[in-house]
Amino acid sequence: MQAPSVNKAIRYEADERCPLPVAISVGLQGVIFAIAPLVLIVAITVQAGGQGESYLSWAVFATLIIAGALTALQASRIWRLGAGHVLIMGATPNFVAVSVLALAEGGPPLLASLIVVASLFYLALAIWLPVLRRIITPVVSGTVLMLIAVTVLPVALDRVQETPVDAPGATGPTVAIVTLIVIVGLALRVSGAWRLWSPLIGIGVGCVIAALFGAYDVQRVADAPWAGIPGSSFPGFDLSFGAGFWALLPVFVVITLVGGIKNIGDSVAIQGASRRRPRVTDFRLVQGSLNTNGLGILLSGIAGTPPTTVYSSTSVSLTSLTGVAARRVGYVIGALLLVLALFPKLTAVLLTIPSPVMGAYLLTAVGLLFVGGIRTAVQDGLDAQKALVVGIGFSVGAGIEQQTIFADLFGGTWGALLDNGMLAGAVATVLMTLFLNLTSPRRGGRLEVKLHTSSLPEIDTFARTVASRIGWNEASADRLCSAAEETLMSLLETGDEHAADDAPRLIIVARPGTGTVEMEFMAVFDEENLEDRLAYLSEEAEGFKEGELSLRLLRHYASSVHHQKYHGLDIVTVQVKGSR
């Protein structure tokens, strides 16, 4: 087995202490890249929702405070909070369309109530992540992300047409087209740090063109104080729980859960980008990141502002370009965002960006969101069944988004709000996924034993029964039994020794496939990851340490071994090839 390559571009890993001047320099870059999308997404949501200037000022201030505090928390590891890596937080386009609906239906109080309730589902996702991984799959998440892009698209196009009354009629389209051409042109042709700067350069050019058309109003900047906090505050909750609340709640919950699945990928990506030597993903850090994201959504609800989650692309790009992944950078970015919240004059500069420029920027974000959905859907492979699930789910969602089916059936508030393509597509995709799971061949089985050597006879019998059901020959059955035995022995070598009576519970689930059997071992372990140990056996000198014999045998018997560590639960998945 070839030794894993070393990423020499990483100057400081997450757990290493980099000099403060380096951390400040990298942190400033991170803030520059994050501040514009954060303020713009909030402004687009608030203005499209028909809200006034006082609420907009409060929403930007509260979002900066929450993003700053939680960016610093993401860099930490406090109890079950924090990813231990640099993950920049901010408002994302995922919630734009539904937040606009909530603001138009019931104002900030309704938005606050919906976000608070949705955040509870997000926090539950982090707790039940091992269980839900087979229900909210990449296929489901990818389809919903594509549908989110479809629902946000009209919001972006509407912004293009918003220009001052006295401006020429071609102002909106011209400004938007120029902005889009500059952003896309730079993104397609430049590389490195210039790629990160392309949206900001495009926004700047768009503002210049808008000024030439007389569509740029700098009065907001002049009126904004240099320092202080907004006069308005928390808008309160809508506790009437009317039709608007119950109609929009499923949409918020689905987007929140799908966003959580996407955030899992964000956490996995930043772990990989922050290490010199590749290692297996630590899903406890993923859960810590999800818990922090859930806290951010909850705090956004309490503050009555659009939800705050991770800026994955910015975070990974910043680490990759600078080679600095130290946690101190996250603390610096968090502190700078908090400082910016106290200087309204600086954020007012971003709030004066004309609506057509905002619309063009949102169009690029929508495009990237759609492509991100495609990548998510195909990341685990896309066979004929999964392709049909994605196709039908997307078609149902995109079709209903353009129709008034429920409005014609029910009329009034309920009908109009239920005609949400994202919700319909998500429900269709989840139902089809559940149908595939429930109707898949049940030739495997489930065994519950103690994590102890005394369980070996039961495990052996279980493995041979599975092999017999699918008609494997004796040699293949022996290989399956040996892989199961060596997995148990390897887990015992990494875990604490227990007497047979008080040993942890071990659940084994067998799932036969085409020429293979996948066996999942679920139990509680210590800090060490079997998959990492297997990956680095080839780097060791001649011979091996005591306790590594089972690992070498396991690598011999199994075609693949994956070890996922969660808080309170470890899952080791072993795949064995066989024949009849």
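This is a predicted model: local features need pLDDT of at least 70, side-chain atom pairs count only at pLDDT 80 or more; totals for chains, interfaces and linings use all residues.
Accessible areas here come from the Shrake-Rupley method with a 1.4 Å probe, and for residues only the protein chains shown count as cover. On that basis the chain exposes about 24,800 Å², of which carbon and sulfur atoms supply 62%.

Residues are numbered from 1 along each chain as its sequence is written, and side-chain values use heavy atoms, with hydrogens and water left out.

Of the 580 residues in the chain, 52% are buried, meaning under 20% relative accessible area with a 1.4 Å probe, protein chains only.

Let me turn to the interior. A nonpolar core is a set of buried Ala, Val, Leu, Ile, Met, Phe, Trp, Tyr and Cys residues joined through side-chain atoms within 4.5 Å. The largest one has 103 residues, and L114, I148, F252, I333, I353, L362 and M422 touch the most other members. Helix α1, residues 20-48, gives the most to this core, with 15 residues; helices are DSSP runs of H or I, at least four residues, numbered from the N terminus. A second, separate core of 27 residues includes F462, I470, V572 and V576.

Finally, a helix pair: the axes of α5, residues 138-160, and α14, residues 355-378, come within 8 Å and cross at roughly 165 degrees, where axes are lines fitted to C-alpha atoms over the stretch in contact and angles run from 0 to 180 degrees between N-to-C directions. The two helices are therefore roughly antiparallel to each other, a word that applies to angles over 145 degrees.

How values were computed
Buried means under 20% relative accessible area, exposed over 50%, partly exposed in between (1.4 Å probe, protein chains only). Angles under 35 degrees count as roughly parallel, over 145 as roughly antiparallel, 65 to 115 as roughly perpendicular and the rest as oblique.
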